[in-house]
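Here's a quick tour of one model, meant to be read with the structure open beside you. Have a look, then read on.

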Amino acid sequence: MSSPAHPSPAPALQGDLTCMPGARGLVILAHAGGHGPDSAAMHRVADILNSHQLATLELGRLDDAAEVDTLDQRLGAALRQVHEDPRTCRLATGLMGADASAAAALSTAARHPGRVAAVVSQGSHADLGAA
């Protein structure tokens, strides 16, 4: 039986970190536009991941008009932070993005070799990654 997960704010990020004892990994969830952390769909994905002992960092809503480079920088900052945070620094980290955020996730993974274990790309704009 797993211990209950308790969300805690991730310092300096507009998002929510949920990290349970014995987490097997971490997924950073980044979505542009209307799919921010207030999105019921994003919460459902995070809940499912949490139920499988995966910690999640739900980033705050990313601007619809943001360029892939801007999203990439924001994901890179989140990635650096989770690798410095004692709650998450030992966890394998994955990135999940939709549409433009998927392209940014691919670009971030390419720019941070060895720090990203997996990328989940949802939507039709993953080909925009500047990897």
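## Histidine 52

Histidine 52 is partly exposed, with a relative accessible area of 47% (buried is under 20%, exposed over 50%, partly exposed in between, with a 1.4 Å probe and protein chains only). You'll find histidine 52 in the loop between helix 1 (40–51) and strand 4 (54–59). Glycine 25 is 27 residues from histidine 52 in sequence, and the two sit 9.7 Å apart in space, C-alpha to C-alpha.

This is a predicted model, where local features need pLDDT of at least 70, side-chain atom pairs count only at pLDDT 80 or more, and totals for chains, interfaces and linings use all residues. Residues are numbered from 1 along each chain as its sequence is written, and side-chain values use heavy atoms, leaving out hydrogens and water.

## Helix 2 against helix 3

Helix 2 (residues 68–84) packs on helix 3 (residues 100–111) at an angle of about 55°, with the axes 8 Å apart. That makes helix 2 oblique to helix 3 (under 35 degrees is roughly parallel, over 145 roughly antiparallel, 65 to 115 roughly perpendicular, and the rest oblique).

Notes
Axes are lines fitted to C-alpha atoms, for helices over the stretch in contact, and angles run from 0 to 180 degrees between N-to-C directions. Helices (H or I, at least four residues) and strands (E, at least two) are DSSP runs, numbered from the N terminus.
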